[in-house]
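Please keep the structure in view while reading.

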Amino acid sequence: MNLLKDLLLAVQTAATADSLVDATRDLAAICSDLPANSSDQLTAINCLIELLSANNPGAAVAAVDGLIACKTAAVQPILNNLDEHNYGARAWAVRALAQIGDPRGLAVLQRAIEQDIGPSVRRAAAMGLGRIELAELSPEEKLETMEICLAGLKLGCADGEWIVRYAAVVGLENFSRNSSNSFAQACLRLLQARSQEAIEETPVVRLRAAQALAAFS
Amino acid sequence: MDKKILPGEPINEVEALQRLQQQEDPSQRCYAAWWLGRMRSQHPEVIPLLLKALEIKPTATEAAIAVARSAARSLGKLHAKTALAPLIQALLHPDHGLREAAARSLGELGDSKAIKPLMERLLLPGADEPVGNGLHLGEPCEALLEAIGQICITIKFETNQDFQQPLERFLQNKRPVVASAASRALLQISGNPKWAEPMLALLEHPQLQMRRAALMDLGACGWRPAAEAISCCLAENSLKLIALRNLVEQPLISSGSISLGAREQQLLALMDKLL
């Protein structure tokens, strides 16, 4: 496909930061239209993943959007290329996995909520833990996944940064929607705590928790 | 006091008080004044010591002025009500930096008694003209405008045409920060949407730094009509979320405590999308 070749070439030969952003946007825009799991799509996905390490925030944002649009097709390539030594690239990968919601990304999200130093990365992980797609899992896998999600969301609720707690509240609201009774009860208790002034100091977090509780009943 | 500890290393409250009290080393006093404000110290000796550091002669040395600036900033952070008159007095000091620090702290105190002296300083002849090497304007206009706006927002000032008009000429100031501070103050004073327009236009400025400043300004004003524009602005989601939080928690035009009304639901939905 010549268009893809041209777009990859544009990324490789971009001379300025701005032209790299433009080239990344163009590539990201067509990536999800390529035949799913074709070698062309895989090539495009791998190029977007490399762009996460380009130290260019505009390009990284565009690359993350492109990866999210490819949905589950992007998950394995992202996991295969997780760069332990490049914090920035790892943070962008967490954002992409959080939005895609594939259970294969769970371990990365769990680790991010537990120990990532960047509040915006923990924020993305907290949101992502609430939207892991459970439908295709076996009953045992589903139970195990939900336990990990709930534990992560509980940590997010106790985070020192208000925005991580806010994201955890949103995560709990989504998580409780496809939860069985005992998980739903746990969500309810965590949300009730976040809605109380004595426990939660940030008004907008309390307001968001109240909104989630109103949807609960 | 242990002389081996350098400024910047962790200290405790008692030690900070000792460092502020001693007179030999002004750089230690400067650091201690900053530290006590930063740590929101509640110790009863803190405010009297900071007030003493603030009280300096017009002819004071550079070192004493640096301590006074640091004290002025911390008194604002600590919301020290007793600092009102001394901070107003500091607005008259020949040092530009001290006047700037005093103005910002008066804004934080939010007492309407400071408006008149702040306005007087702002409307002095040559206040908005560059002086010396061109680094500063005659007066710290940005800080003065921000303080006036902030006080008006805290005390929910009534619309007052006489009060707005003198500020309008600062909208034309050549320095974008001063022009932005003017539109922000005018919006806070009047709640009139026309003053939000310059800030809304800056959300689309080609420079990221200007877009960031505009979205933080709109957030600080609690200007809820800007929410949608803020959420689409090309800037970091973290900053947009902080601005939207301000719109939820401190709306410029509010009817008492925040509840979960239709507009709040819309604001929360915008925040959810940025996570």
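Helix α1 of chain B, residues 13-21, has as its buried residues Glu15(B), Ala16(B), Leu17(B), Arg19(B) and Leu20(B); buried means under 20% relative accessible area, exposed over 50%, and partly exposed in between, with a 1.4 Å probe and protein chains only. Helices (H or I, at least four residues) and strands (E, at least two) are DSSP runs numbered from the N terminus. An α-helix has 3.6 residues a turn, so residues three or four places apart point the same way. The buried residues of α1(B) pack against α2 (26-38) and α3 (46-54) of chain B, where contact means heavy atoms within 4.5 Å.

This is a predicted model, in which local features need pLDDT of at least 70 and side-chain atom pairs count only at pLDDT 80 or more, while totals for chains, interfaces and linings use all residues; side-chain values use heavy atoms, with hydrogens and water left out. Residues are numbered from 1 along each chain as its sequence is written, and chains are lettered from A and ligands numbered from 1 in the order in which they are written.

At the start of α1(B), a side-chain oxygen of Asn12(B) comes to within 3.3 Å of the backbone nitrogen of Val14(B). Ser41(B), in the loop between α2 and α3 of chain B, counts as buried because its relative accessibility is 8%. The side chains of Ser41(B) and Glu13(B) are joined by a polar contact of 2.5 Å. A polar contact is a pair of N or O atoms within 3.5 Å; within protein, one must be able to donate a hydrogen and the other to accept it, and residues adjacent in sequence count only if both atoms are side-chain atoms. Leaving aside residues up to four places away in sequence, Ser41(B) touches Glu13(B), Leu36(B), Val46(B) and Leu78(B).

Chain B as a whole contains 15 helices and 2 strands. Its radius of gyration is 20 Å, close to the 19 Å that the globule rule gives for 275 residues, so chain B is as compact as a globular protein of that length; the radius is taken over C-alpha atoms, and the rule is 2.2 Å times the number of residues to the power 0.38. Buried residues make up 49% of the 275 residues in chain B.

Two loops of chain A deserve attention for their backbone angles. Most residues other than glycine have a negative phi. Asn55(A), however, has a positive phi, near 55°, and lies in the loop between α3 (39-51) and α4 (57-69) of chain A. Lys71(A) also has a positive phi, near 50°, in the loop between α4 and α5 (75-80) of chain A. Asn55(A) is exposed, at 76% relative accessible area, and Lys71(A) counts as exposed at 55%.

The account now turns to the interface. Here 17 residues of chain B are in contact with 16 residues of chain A. The area buried between the chains is about 1400 Å², of which carbon and sulfur atoms give 67%; buried area is the accessible area (1.4 Å probe) that two parts lose on being put together, summed over both. In chain B, Arg245(B), Leu268(B) and Leu275(B) lose the most area to chain A, together 42% of what that side buries. Arg208(A) and Asp272(B) meet through their side chains in a salt bridge (2.8 Å, N to O), defined as a side-chain nitrogen of Lys or Arg within 4 Å of a carboxyl oxygen of Asp or Glu.
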